[in-house]
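Dear colleague,

I am passing on the structure below, and my notes on it follow. Please read them with the coordinates open.

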Amino acid sequence: MTVKTPIYLDYAATCPVDPVVVDAMIPYFSEIFGNAASRTHVFGWKAEEAVEAARAEIAATIGADAKEVSLTSGATESNNLAIKGVAEFLAEKGRHIITAVTEHKAVLDTCKHLERHGYSVTYLPVSADGLVTLEQIEAAMRPETILVSLMFANNETGVIQPCLVDGSLGALCHRRGVLLHTDAVQAFGKVPIDVEAMGIDLLSVSAHKIYGPKGVGALYVRRRRPRVRIAPQMHGGGHERGNRSGTLNVPGIVGFGVAAKLARESMAAESARILTLREHLRTRLCEAIPHSFLNGSLAHRLPGTLNISFAYVEGESLLMGLKDIAVSSGSACTSASLEPSYVLKAMGLDDELAHSSLRITIGRPTTLEEVDYLADRIEEQVSRLREMSPLWEMVQDGIDLSTIQWTPH
Amino acid sequence: MAYSDKVIQHYEQPRNVGSLDKNDESVGTGIVGAPACGDVMKLQIRVEDGVITDAKFKTYGCGSAIASSSLVTEWVKGMSVEQAMKIQNSQIAEELSLPPVKIHCSVLAEDAIKAAILDYQQKQGKPAVSAAE
């Protein structure tokens, strides 16, 4: 069976919008176009009604109340709002935040910004599997700690933090009077999330990772036990209970609501199907190709994400050989810095293996034929590029690469 | 990022991939770069009567690095050692239309050919011919 190319296997970056979602959005551009904040006429009421229905769907997907969901422009904004909002509101209580080195830049750069404004931040290291332990977090807590921000599942590796899932981190934070924020962009709609059972106080999500439109996200802000207050970062008309001013993107929000509903309803069946494909692919790549390594914990992992290093082959050249397939590389040779993935480096990978990594993410439209096509191409290109690789040649000659005096440039 | 047609051509059909016997008196070997930086080039030349008669390369690196080394092996064949020593990275970058973030690939290819020539000259016991600055 032939597959249709190009093949998209980069669903952690973004997803196509589900046609059902598009259909639901369309009337809200020109027919039901009202401003959801207009309280004096039917146009506004209709828009508000649609927004509230969507909010309820998003809330239901994480076990929250609709009143606890503030709509934003995306997860970057949600992360900024959560961290800066808590930091500013609790500035008198304390100015210490705990996070991890493998967080998304939207969290790390927000923390760096706060450091320049008198806050101190602890960036916890991760294990070789990409995990942070409860003990590490507890040990980092100080009397002035106000917030722990730990991502639910990593965007590069798909590694899920077990202390968030089992509720132990939530319990620890509540016991110590510290708020818990999680960037759940990659996990939302893919694995079960329950903010009550997990004791999560703030949670960031995005629509476009679950087959919704780009430019829409949400921040869950707990209203009871404890009531979490945040200082708004966008000032204006006092929309979203004062958390985030700005006219709501009604069509986008409607799409987000439908996407959340679809994700929630199909989660069990889709996750199982995607996991089967992922395991098939992982077996083909990790077991059939010598010197290939899975990056990050296998047990604590999203169903659809793989990150694999193919030693002695540089990631960008491998991507170039997979020209009719869209996957991403942990090598940042395209940037001027030449720095490989900070996530993989934090897990202790040496630079060479970090430069040799590929991230593959399987999504709802992915078929077994596509996965097999990818595995065939990777096998073929890895062996072609290794034939061209001086490192592979040295290793075949029994030379230990770590003993060589390289000339970094 | 879009690659130029020439880079794609060299990447897909690299010229002169392989190795020469590094212990051969007429062979010069240059290895430059580092795995940690994401590129390592090995470039080898065979010199007979002051003329480069063969050149081979192996490169670990991005497509532009592979293309730069492939191109240089094509260029140096038939050149005298002195001519090869004068190859500038800017010529490589221009020929392959490398974008600014890939200029280092052409620098590495220039370094590789110079390193190979130096190795050959040292084997011959001759003083190194310096590049025309």
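**Interface and cysteines**

Chain A and chain B bury about 2,600 Å² between them, with 63% of it on carbon and sulfur atoms, where buried area is the accessible area (1.4 Å probe) that two parts lose on being put together, summed over both. This is a predicted model, in which local features need pLDDT of at least 70 and side-chain atom pairs count only at pLDDT 80 or more, while totals for chains, interfaces and linings use all residues. Residues are numbered from 1 along each chain as its sequence is written, chains are lettered from A in the order in which they are written, and side-chain values use heavy atoms, with hydrogens and water left out.

In chain A, 31 residues are in contact with 31 residues of chain B, contact meaning heavy atoms within 4.5 Å. Between the two chains there are 4 salt bridges, each a side-chain nitrogen of Lys or Arg within 4 Å of a carboxyl oxygen of Asp or Glu; one of them joins B:Lys58 to A:Glu393, with the closest N and O atoms 3.4 Å apart.

As for cysteines, the search of the whole structure finds 0 disulfides over all chains, a disulfide being a pair of cysteine sulfur atoms within 2.5 Å. The sulfur of A:Cys163 is 8.7 Å from the closest cysteine sulfur, in A:Cys173, and is therefore too far for a bond. The sulfur of B:Cys62 has its closest cysteine sulfur in B:Cys105, at 3.7 Å, which is also too far for a bond. B:Cys62 is buried, with a relative accessible area of 0%, where buried means under 20%, exposed over 50% and partly exposed in between (1.4 Å probe, protein chains only).
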